[in-house]
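These are notes for a colleague who is meeting this structure for the first time. Please keep the sequence and the model open while reading the points below.

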Amino acid sequence: MPASRLISLDAFRGLTIAAMVLVNNPGSWRAIYAPLKHADWHGLTPTDLIFPFFLFIVGVAIPLSRPAPGRVLRRAAIIAALGIVLNGLPYFHWATLRIPGVLQRIAVCYLIAALLFLRTAWRTQAIVTAALLLGYWALMTLVPVPGYGAGDLRPEANLAAWLDRAVLGPHVWRFARVYDPEGILSTVPAVATTLIGVLAGQWIRSERDSRAIVVGLVVSGALATAIGAAWGTVFPVNKALWTSSYAVLTGGLALLVFAVCYWTIEIRRWQRWAMPFVVFGVNALLLFFLSTLVARVLTLIDVGGVTLKDAIVERAFAPWASPINASLAYAATYLVIWWLVMWVLYRAGVRLRA
């Protein structure tokens, strides 16, 4: 049976969180290369793969660690609380503070997927995954929304957005206003994404030969990718809505990328390329929280009428690069600085977990 700690999973997690930090911290949101943006609504860009990949990885790790129920509850509560902290800083206006968020969704998906893993067999988990995806599809296409009808997937007209406004009110994402990309109903298929990872993790833990494990990951990944793409012709691929087609398509792509990582690192033993990403991967949630926190602080400090972040971009990057390249150079530099911080923690043996 494979060891409970997989370098390939740490590398995949590190690669994913590195991409998340890069796309979340451009020098300017007005100057970004297209692959580093989310799709405007329907569609898929490389950036749209990052969050589902991370949830898939969260799922894979559950069977490998087999956490006790008490630890699951504590970890989920801490992750959700950290998300609220990031949403509220620095003033914590509770009347309008955004309740959903990236960390909050991770917490909910982890909680449900982990408890389901601990109390059911893989067949039940597979059935639940399919039920969540099919049920969400039915809800989003068949249930009429007041004032809009059924099956309208525009930002303001779909069932998930209506539910977010009805339940969360002023606590939705203020940049969208009419919906929340980590809202209530769209978390249902996000749980399914995590369960796809749980199923993959159990496949990894099986007594099968390592090469058979890779073949299983590749075949299932290719099938899921094809099914997701086909489903997208009738239920569009959409990250903000986390449509069922999006969950299946990105789950399939995650299986394929993980298969490559597993084959190169665990079977071929090509590990040198992976170590920079492992440095990120072993402290991924800590990196996300701290990098987001510092990024927020940089926008709060005033330097001569502009934020400290803008001052850094204008003085250190804008003089020698075009706006879009200066923006990318800032993001890359920010990522490198955090790699150095994580490398110090890695060398010191620090592994901070909830």
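1. This is a predicted model, in which local features need pLDDT of at least 70 and side-chain atom pairs count only at pLDDT 80 or more, while totals for chains, interfaces and linings use all residues. Residues are numbered from 1 along each chain as its sequence is written, and side-chain values use heavy atoms, with hydrogens and water left out.

2. I begin with the salt bridges, of which the structure holds 6; the term stands for a side-chain nitrogen of Lys or Arg within 4 Å of a carboxyl oxygen of Asp or Glu. Asp180 forms one of them with Arg98, and the closest N and O atoms of this pair are 2.7 Å apart. Since Asp180 lies in the loop between α6 and α7 and Arg98 in the loop between α3 (69-88) and α4 (102-119), the pair ties together parts that are 82 residues apart in sequence. Helices here are DSSP runs (H or I, at least four residues), as are strands (E, at least two), and they are numbered from the N terminus.

3. Asp180 is buried at a relative accessible area of 2%, and Arg98 is buried as well, at 15%; buried means under 20% relative accessible area, exposed over 50% and partly exposed in between, with a 1.4 Å probe and protein chains only.

4. A second salt bridge joins the side chains of Asp10 and Arg13, at 2.6 Å from N to O. The two residues are 3 apart in helix α1 (residues 7-24), which means that about one helical turn separates them, and both Asp10 and Arg13 are buried.

5. The side chains of Arg154 and Asp152 also meet in a salt bridge, at 2.8 Å from N to O. Arg154 is partly exposed, with a relative accessible area of 42%, whereas Asp152 counts as buried at 18%. Elsewhere, salt bridges that share partners join Arg98, Asp180, Glu182 and Lys239 into one network.

6. Turning to the rings, a search of the whole structure finds 19 aromatic pairs. Tyr334 and Trp338 have ring centres 6.3 Å apart and planes at 70°, so this pair is edge-to-face. For reference, rings of Phe, Tyr and Trp (its six-membered ring) pair if their centres lie within 6.5 Å, and planes under 30 degrees apart count as stacked, over 60 as edge-to-face and the rest as tilted.

7. Which helix holds both Tyr334 and Trp338? Both lie in helix α13, 4 residues apart, or about one turn of the helix. Tyr334 is buried at 7% relative accessibility, and Trp338 is buried at 9%. Val294, in helix α11, touches Tyr334 and Trp338, not counting residues up to four places away in sequence; contact here means heavy atoms within 4.5 Å. Val294 itself is partly exposed, at 31% relative accessibility.

8. In helix α12 (residues 308-317), the residues Lys309, Ala311, Val313 and Phe317 are buried. Their cover includes α11 (284-300), β1 (302-303), β2 (306-307) and α13 (323-347).

9. Finally, Ile184 is found in the loop between α6 (159-168) and α7 (187-205), and counts as partly exposed at 36% relative accessibility. Leaving aside residues up to four places away in sequence, Ile184 touches Leu163, Asp164, Val167 and Leu168. The C-alpha atoms of Ile184 and Ala247 are separated by 16 Å, with the two residues 63 apart along the chain.
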